[in-house]
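Subject: Structure handover

Hello,

Here is the structure for your files. My notes come after it.

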Amino acid sequence: MLLKDKVAVITGAASGFGKEASLLFSKQGAKIVAVDYDVAGEKVVEEIKKNGCEAIFVKADVSSDEDVKNFIDKAIQQFGKIDILFNNAGVYVPGKADELSESDWDRVININLKSVYLVSKYAVPHMKTNNEGVIINTASAAGIIGFPDAISYAASKGGVVSLTKAMAVDYAQHNIRVNCICPGTGETGMTKDVLENKELREMFLAPIPLKRFGQVEDIANAALFLASDLSSYLTGVVLPVDGGWTVA
């Protein structure tokens, strides 16, 4: 098992990448703290427990300082440590600069970017105590290349890329590795409505050299690699998992 006896805190764990990573990490021996604003996360924890693994669910707003402190405290109370943090929670609101409301801008930035800072703020001291840890942040291909009609999303994910690099430098001395994954267009709940439109589906598929959309398993497998000792010499890495989209 790649993550035997490790404790992993995963945000956005109720669906998509976070759900798949929670299930995969638990099968590899990790104890899971599944965090989400959606109580569907409870079902994820039930599934993990049915497989004979340990997990707890905490309902939280990852952009709230109070909520974040609370679920990090619960992780320590339940399992005594935090080895892995997967900052995965995210939202998407379409819109150009002259169209997007200030409230939607703030919501996307707070959930996609501010949350990475907040959760790390409370998790890192526990990793420092153990002189080791792994932080994985979900960014996006939109944080690397231009992405249409998504100004707040692209800005937030570009911020995650830069934040990842800065944190990698800050915490290397404490043996804490910080990397991020940049998914391309994937078939998830977030993209379901868009990809059901035949014309839009063909438009988004066209620039992908591997000619398929990403699946939740693709991102979860990348996260497992970064969480495990298989990537023990990697920090500050920005890993596109996008079928070649950002290099085409």
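Predicted model: local features only at pLDDT ≥ 70, side-chain atom pairs only at ≥ 80, totals over all residues.

Residues are numbered from 1 along each chain as its sequence is written, and side-chain values use heavy atoms, with hydrogens and water left out.

Seven strands form an open sheet in the order 3-2-1-4-5-6-7, with parallel pairing (strands are DSSP runs of E, at least two residues, and helices runs of H or I, at least four, numbered from the N terminus; strands pair if DSSP finds at least two bridges between them). Strand 3 and strand 7 (238-241) are the edges, each pairing on one side only. From one strand to the next the twist averages 15° (axes are lines fitted to C-alpha atoms, for helices over the stretch in contact, and angles run from 0 to 180 degrees between N-to-C directions). Strand 6 (176-183) is joined to strand 7 by 4 bridges; Ile-181 has Leu-239 as its bridge partner in strand 7.

Helix 8 (216-227) lies across strands 4, 5, 6 and 7, at about 165° to strand 6.

In helix 2 (41-50), Gly-41, Val-44, Val-45 and Ile-48 are buried (under 20% relative accessible area; exposed is over 50%, partly exposed in between, with a 1.4 Å probe and protein chains only). These buried residues fall within an arc of 95° seen down the helix axis, so they line one face (the arc is that of the directions from the axis to the C-beta atoms). Their cover includes helix 1, strand 2 and strand 3 (contact means heavy atoms within 4.5 Å). Lys-43 and Lys-50 are exposed on the face turned away.

Regards
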